[in-house]
Amino acid sequence: MIFLNFTEKTMAVKIEKSWQADLNLEFEKPYFGALMDFVREEYTNHICYPPESEIFAAFDSCPFDKVKVVIIGQDPYHNAGQANGLCFSVNDGIPMPPSLVNIFKEIEKDLDLPFPKTGNLERWGKQGVLLLNATLTVREHQAGSHQKKGWETFTDAVIRHISDKKENVVFLLWGGFAKKKGARIDRCKHHVLESGHPSPLSANRKFWFGNKHFSKTNNFLKSKGENEIEW
């Protein structure tokens with residue numbers, strides 16, 4: 001369970017218990033305190049996404065001991081009602097953004113599955129897919145507005161924590177930004193799949209479609225005796 005209260009001078013950050021031991025150390029570092037001061041000010045003076053209670057939703061939906069797959073996004077959607085704390089995911093009833101449409105098109109072709117009715121990816125999180133944005137907050141209508149404020153340092157620590165403490169995790173790195181984050185992954189211990197980003201620009205240039213990352217992920221998990229993801 002996550003609790004943030006930006007109306008108080010001191011802020012409690014409670015993250016799902018299986019993440020606490022290592023990530024609580026990050027919360028105590030000076031950069032994280034400065035980051036929270038920045039985020040508190042932004043949420044107080046501007047419309048920001050996702051809602052405060054969902055900033056750490058990726059961790060709440062996918063406990064550390066359940067992580068089998070990690071998908072790395074850049075920052076949350078910045079239009080009203082879209083962001084729910086999970087990368088590429090939107091709330092039920094919200095039109096799917098183009099990148100998410102292309103993700104589902106690739107799943108449809110790769111696994112011969114019907115196109116889903118909702119873009120809410122919480123169902124993936126519950127199966128062990130950590131949907132991690134590199135930057136966990138954003139100001140409305142201003143993509144990238146909360147970058148280089150400390151979130152990247154925190155999510156680098158999350159990736160290193162997973163890489164160091166687990167084995168045979170599948171990391172899906174889509175686009176140049178995610179590939180750079182991949183420098184924190186021990187590729188001798190984990191399975192890394194890379195491709196272009198599912199955004200229309202990359203996908204239409206044939207850097208996304210046909211990567212078969214979803215069947216490849218399931219084949220790898222199956223080879224390790226893990227349950228496949230119901231994409």
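**Close-up views of the predicted model**

**View 1. Glu194 is partly exposed, with a relative accessible area of 37%.** The structure shown in this and the following views is a predicted model. Glu194 forms a salt bridge with Arg187, and the closest N and O atoms of this pair lie 3.0 Å apart. Arg187 also counts as partly exposed, its relative accessibility being 42%. The structure holds six salt bridges.

**View 2. A salt bridge joins the side chains of Asp156 and Arg184, at 3.2 Å from N to O.** Asp156 belongs to helix 6 (residues 151-165), whereas Arg184 sits in the loop between helix 7 (176-181) and strand 6 (191-195); the pair therefore ties together parts that are 28 residues apart in sequence. The relative accessible area of Asp156 is 11%, which is under the 20% limit, so this residue counts as buried. Arg184, by contrast, is partly exposed at 30%. When neighbours within four places in sequence are left aside, Asp156 is in contact with Lys181 and Arg184.

**View 3. Lys29 and Glu26 meet through their side chains in a salt bridge of 2.8 Å, N to O.** The two partners fall into separate accessibility classes: Lys29 is partly exposed, with a relative accessible area of 37%, while Glu26 counts as buried at 9%.

**View 4. The largest nonpolar core comprises 64 residues, among which Ile71, Trp124 and Phe154 touch the most other members.** Helix 2 (residues 30-45) supplies the largest share of this core, namely seven residues. Not counting residues up to four places away in sequence, Trp124 touches Ile71, Ile103, Phe104, Ile107, Val129, Leu131, Phe214, Glu230 and Trp231.

**View 5. Helix 4 (residues 98-111) packs against helix 9 (residues 213-223) at an angle of about 60°, the axes lying 8 Å apart.** Helix 4 is therefore oblique to helix 9. On the side of helix 4, the contact involves Ile103, Glu106, Ile107, Asp110 and Leu111; these meet His213, Phe214 and Ser215 of helix 9. By residue class, the contact divides into four nonpolar, two polar and two charged residues.

**View 6. Tyr77 is placed in the loop between strand 2 (69-73) and helix 4.** Its relative accessibility of 17% is under 20%, so Tyr77 counts as buried despite its loop position. With neighbours within four places in sequence left aside, the contacts of Tyr77 are Tyr49, Gln82, Ala83, Phe88, Ser89, Val90, Pro97, Leu100 and Val138. As a further distance in this region, the C-alpha atoms of Tyr77 and Asp92 are separated by 14 Å, the two residues being 15 residues apart along the chain.

Conventions: Residues numbered from 1 in each chain as written. Predicted model: local features only at pLDDT ≥ 70, side-chain atom pairs only at ≥ 80, totals over all residues. Heavy atoms only, no water. Salt bridge = Lys/Arg side-chain N within 4 Å of Asp/Glu carboxyl O. Buried < 20%, exposed > 50% of the residue type's maximum accessible area, 1.4 Å probe, protein only. Helix = DSSP H or I, 4+ residues; strand = E, 2+ residues; numbered from the N terminus. Core = buried A, V, L, I, M, F, W, Y, C linked by side-chain atoms within 4.5 Å. Contact = heavy atoms within 4.5 Å. Axes fitted to C-alpha atoms, helices over the stretch in contact; angles between N-to-C directions. Parallel < 35°, antiparallel > 145°, perpendicular 65-115°, else oblique. Nonpolar A, V, L, I, M, F, W, Y, C, P; charged D, E, K, R; others polar.
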